[in-house]
Amino acid sequence: MLNLSISYYSAKGCRINNEDSVSIMESNKGVLAIVADGLGGHADGEVASNQAVTTLNRLLQSTKPDEDQLIGAIQQASRDILSLSDPACPMHTTIATLWLGEYSAVAANVGDSRIYQFRNGKIVFQSLDHSVAQMAVLVGEMDQSEIRTSKDRNRLIRVLGDHALPKVDSEVLTILEGDRFLLCSDGFWEAVTETDMLTAMACTDTAQKWLEVMRNIVEKTNNSAQDNHTAIALVINNTM
């Protein structure tokens, strides 16, 4: 069985409400980690993000990690959110999920909440944002490092809650002892660079300490426009 060190938090920043939701569900089948970010400025963003978490936990609680089932559950969450929406003022959310089994994990996301995998001091997997800014990077109009300052970084091209089912990006990842994972909303990664993540990783040995260092970076950037910020850190201590 997996021997995991896990830490997570969610904070409203300088916003009136926290529209982010976070969840860790552990069972004898595996560990399901979820970060969802209800879209700011949209009606009931916190309801949308919470519904996404509720749907996934309900559908996957007695199932071992499976890519197709995770994709299906995320699409069902989108349907559930749509069914709760007022047509005149729809609800939407992003989602980032990591479903860990004993030897592998399934990562899946919609929107701009991110998933990272670290191994031997390097980033070996990073999910792609479903944003206008990320598309500009993919076609060569912008460098990846410019996303954090782009005016288009929060213009999303995929979310949960639309009438059309979202295309879910997914990846099956091998896991080894010492691997680390980070799931986070945009309010977190906009303040914490990949260099920050790696630097914090190098000087910490548990998920709690690693996340504390990174959270301090976010909170030191505190300003009147600071978004909700949410993250989950996971460290695989032993996969035997």
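To start with, are Glu-194 and Arg-148 buried or exposed?

Modeller: Keep in mind that this is a predicted model. Glu-194 and Arg-148 are both buried. Their side chains meet in a salt bridge, with 3.0 Å from N to O. The pair ties together distant parts of the chain: Glu-194 belongs to helix H5, while Arg-148 sits in the loop between H3 and strand E8 (169-174), 46 residues apart.

Next comes Asp-129, which forms a salt bridge with Arg-114, the closest N and O atoms being 2.7 Å apart. Here too distant parts of the chain are linked, with Asp-129 in the loop between strand E7 (122-126) and H3, and Arg-114 in strand E6, 15 residues apart. Asp-129 is buried, at a relative accessible area of 1%, and Arg-114 counts as buried as well, at 2%. Salt bridges that share partners join Arg-114, Asp-129, Arg-148 and Glu-194 into one network.

For a contrast, take the salt bridge between the side chains of Lys-167 and Asp-169, at 3.7 Å from N to O. Lys-167 counts as exposed because its relative accessibility is 54%, and Asp-169 counts as partly exposed at 22%. Overall the count comes to 10 salt bridges.

Asp-112 lies in the loop between strand E5 (104-110) and strand E6 (114-119). Asp-112 is buried yet has no salt bridge; the nearest side chain of opposite charge is that of Arg-114, 7.4 Å away. A salt bridge needs the nitrogen and the carboxyl oxygen within 4 Å. Leaving aside neighbours within four places in sequence, Asp-112 is in contact with Thr-94, Asp-129, Arg-153, Asn-154, Leu-156, Asp-186 and Trp-189. Asp-129, then, is in contact with Asp-112 and also holds the salt bridge to Arg-114.

Leaving aside neighbours within four places in sequence, Met-214 is in contact with Leu-182, Phe-188, Val-192, Met-197 and Ala-200.

Val-53 leads us to helix H1, where the buried residues include Val-53, Ala-48, Ala-52, Leu-56 and Leu-60. The buried residues of H1 pack against strand E2 (20-27), strand E3 (30-37), helix H2 (67-84) and strand E4 (95-100).

Cys-184 is in no disulfide, and the nearest cysteine sulfur, that of Cys-203, is 17 Å away. Cys-184 is buried, with a relative accessible area of 0%, whereas Cys-89 is partly exposed at 38%.

Note on methods
Residues are numbered from 1 along each chain as its sequence is written. This is a predicted model: local features need pLDDT of at least 70, side-chain atom pairs count only at pLDDT 80 or more; totals for chains, interfaces and linings use all residues. Side-chain values use heavy atoms; hydrogens and water are left out. Buried means under 20% relative accessible area, exposed over 50%, partly exposed in between (1.4 Å probe, protein chains only). A disulfide is a pair of cysteine sulfur atoms within 2.5 Å. Helices (H or I, at least four residues) and strands (E, at least two) are DSSP runs, numbered from the N terminus. Lys and Arg count as positive and Asp and Glu as negative; His and the chain ends are not counted. Contact means heavy atoms within 4.5 Å.
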